[in-house]
Amino acid sequence: MQKKLLSSIPSGHDGDGYVTIGGKVCAAFKIASVSAEIKVTSEKRRFLGERMAQNAPRAMEGVGKISYYHTTAALMDAMKSYREGGEYPAITIQYHADGDGGRCEVVLRRVVLDQISFGKIDDNSDDAIINQSGFTFDDFDVIERF
């Protein structure tokens, strides 16, 4: 196996979150960190007379965690609209990682955030406020591969 250089492995340092409100795409937040994964649901069955169980993939679920900074009120406005009888906002998370070995860019679609933060105040900190949430997503694309 050829030696892999650390510099050729992408670092994860870029990303944004978008929300569609009334057909208009708004940059709603800046990503501090995001991790997304596919969980596979499988069926396990051991047939009569067989000692080895077999597994079959049956479904996939997109899940993840995000930490983000509010950069506009777009996400809060979208949740207010949803509360008042509107549709849940179309949330898209897009991020990329770059390195000497290339770039990987991913888009997650139809994201449902578990929690929407409306901010916080902390008299022990002058740092930017970071909000955190788990999420699910229904679709994804790998735009660029490393």
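What share of the contacts in the protein chain with a separation of 6 or more comes from residues 24 or more positions apart? The figure is 65%, with contact meaning heavy atoms within 4.5 Å.

A word on the source. This is a predicted model, where local features need pLDDT of at least 70, side-chain atom pairs count only at pLDDT 80 or more, and totals for chains, interfaces and linings use all residues. Residues are numbered from 1 along each chain as its sequence is written, and side-chain values use heavy atoms, with hydrogens and water left out.

Now the fold. The protein chain has one helix and seven strands. In sequence order they run β-β-β-α-β-β-β-β. These are DSSP runs, helices being H or I of at least four residues and strands E of at least two, numbered from the N terminus. The radius of gyration is 20 Å, well over the 15 Å that the globule rule gives for 146 residues, so the chain is more spread out than a compact globule. That radius is taken over C-alpha atoms, and the rule is 2.2 Å times the number of residues to the power 0.38. Along the principal axes, the C-alpha atoms fill a box of roughly 65 × 45 × 35 Å.

Next, burial. Of the 146 residues, 26% count as buried. Buried means under 20% relative accessible area, exposed over 50%, partly exposed in between, with a 1.4 Å probe and protein chains only.

Last, one residue. I130 sits in the loop between β5 (102–113) and β6 (131–137). I130 counts as partly exposed, at 31% relative accessibility. Leaving out residues up to four places away in sequence, I130 touches A32, S67, Y68, Y69 and K120. From I130 to E84 is 46 residues in sequence and 27 Å in space, C-alpha to C-alpha.
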